[in-house]
Amino acid sequence: MAPLYWERDFRLWVRRLHHCMGGNGLLNFIKIGGEIEPFYFCGPEKQLFGCYHAPRAEPSRDCGAVLCYPMGHEYMQFHRAYRQLGLHLSRAGFPVLRFDFFGCGDSAGNGEEGKLDQWLADISSAIGEMKRRSHVAKVCLVGLRLGGTLAMIQGAGREDIEGMVLWDPVVNGTAYVKKLRTLHKKMLKFAHVKQKGDKKSGKFTEILGFPFSQSLLVEVEKLDLLSIQTKPADNILVIQSDEEADQKQLKNNLENMHARIDFLHYPAPHMWTWIEDFGKVVVPYEILQSVVSWICEAYT
Amino acid sequence: MDMRGLYVKEEALLFGKTRSLVGVMTYPLETAGTDNLPAVVILNAGIMHRVGPNRLHVKIARTLAAMGLVVFRFDFSGVGDSKVREDALPFEKSALAETQEAMDCVNKVTGTERFVLMGMCSGATISFKTAYCDPRVVGAVLINARMHLHGMHGEVGSSIRDRTLARHYWRIALFSSFRAKNWLKAITGKVESWEIISKMVTGFEIGRLFSHKKKASSELNHVSAVLNSLSQRGVRLLHICSEGDFSLDYLHVILGDKLKNWRSDGRLNIEVIQGANHTFTLLWSQEHFLNVIQEWAQKELLHSDRVR
């Protein structure tokens, strides 16, 4: 049989992989390539996909990290960053559970079935699963964007969350939905796509390739983290990389609740745009490193 | 069609020689009369993890499983949740080996010995290469496949790439369903027009056309041999091209006049989705794409004596 030639194409592809992991990222990635256990939990009807990273350093810490993903296109863009974060934390001795919310990623459900109540219940199930697997008493939630908002709401409603990392959480739901709609309009203008029919089908609204039910959009628009008056955790790290969303007021509010707050400002506007080519998504190593250092310091 | 995953069963697996590759198997709940069907293996689209762009791979898996097919989606080493390899095997070899390991895994779990590979972009290239060298593969769905049919070495490779891009820009500017939008972008200076114009012109540089044509004939013989070999083995091929992607231009540049003939004699089955971009971002295009896959599977996998 005649041979096929495609080596050069793949060399280019591998170079892009290297680039998207932030230059030296590929080397770091190789060094920390670790063991994970993928599994489904939460029963057959609403099964959730999880990846458990067992602690890889001795002694292991008495605190587990549960990572809450963002939603929609942000989930696609930050999956790699979260995997890296999971590996770094497990190498630092923490058991880590990453999980997909219902209707997202590998979990059961359609995108348009997402509801805030369901997702809050998913965080609760993930915390339970983390405790069952690792036998830790303390839990730290790490949430990005809507995942951060849900983590804070969940933390305010229970007493077993020791630490929390809020990475660009959605403080004001109305502003968040407005921003998503703007990005969608921009994508329609620039991408090689042709819109057909009405994007609002009545049941759901399309935003950047993901369906959002009308009821979910109403729920999200009502979100206001500044209205939460209960401390969600004792130790909190707030990270702001999206310049348009001011997190300082959230920081002040949390300080008034007598939580120990650290604030990290890392401007990275390029992370908050829609990218069709996921090969161009950069893993924000500085932020990941800061999260790992902060959690290590809080739970030595 | 229900894609919620409630009428199919899903299982997460670690597999491969070092059990470090991550995959999700989707089984039909009802297997009566479907136990002799090939299994479908879905490969990564570039560095996007196994759920696929806009969760498209999950939707494909659940749609096909609801039709009675077992579907396995997995991550190559270093992509998604799979661990990076510790040996120095280059990607072009490891990807092929891991696709075969994925087939071994499905075989071990379900007993299936025949497979259909499905991949987008670089996943399409690996699907094609694996289909060519592994006799267990009875079908391949190549989604926005680029650069999978020819050699990439030296002048011919870069000439094909340039001509593909030039053809792509001309088509997008003059004939695409979203050409008005692109002209507006160009007029308002929102795209790098000069760079695009220069590619449109240099791609068809007169001097290079003659040398390309001469060398391209040997490429065409090679492509013909590969497609004949797959056809003789009974491998069903489906190319799916988005209008906004340059995979269609690539096929035109590589095959030229032969494209029409090979489409009509069934050697090439090409579906073009008008108004869709490379990753099928809009929901209508995802739905259209799923319908194409579903119809092809119905015809070629469920009701075909040759494959069963």
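How many of the 300 residues in chain A are buried, as a percentage? Here are a few notes on that and on some local features.

1. This is a predicted model, where local features need pLDDT of at least 70, side-chain atom pairs count only at pLDDT 80 or more, and totals for chains, interfaces and linings use all residues. Residues are numbered from 1 along each chain as its sequence is written, while chains are lettered from A and ligands numbered from 1 in the order in which they are written.

2. Buried residues come to 48% of chain A (buried: 20 or more other C-beta atoms within 10 Å of the residue's own; exposed: 12 or fewer; partly exposed: in between; C-beta atoms are placed from the backbone).

3. Chain A has nine helices and 10 strands (DSSP runs numbered from the N terminus: helices are H or I, at least four residues; strands are E, at least two). Of its contacts with a separation of 6 or more, 71% join residues 24 or more positions apart (contact: C-beta atoms, placed from the backbone, within 7 Å).

4. Most residues other than glycine have a negative phi. Asp168(A), not a glycine, has a positive phi of about 45 degrees; this residue sits in the loop between β6 (161–167) and α6 (173–190) of chain A. Asp168(A) counts as buried because it has 27 C-beta neighbours inside 10 Å.

5. His258(A) also has a positive phi, near 65 degrees, and lies in the loop between α8 (248–256) and β10 (260–265) of chain A. His258(A) counts as exposed, because 9 C-beta neighbours fall inside 10 Å.

Methods: Two residues are in contact if their C-beta atoms, placed from the backbone, lie within 7 Å.
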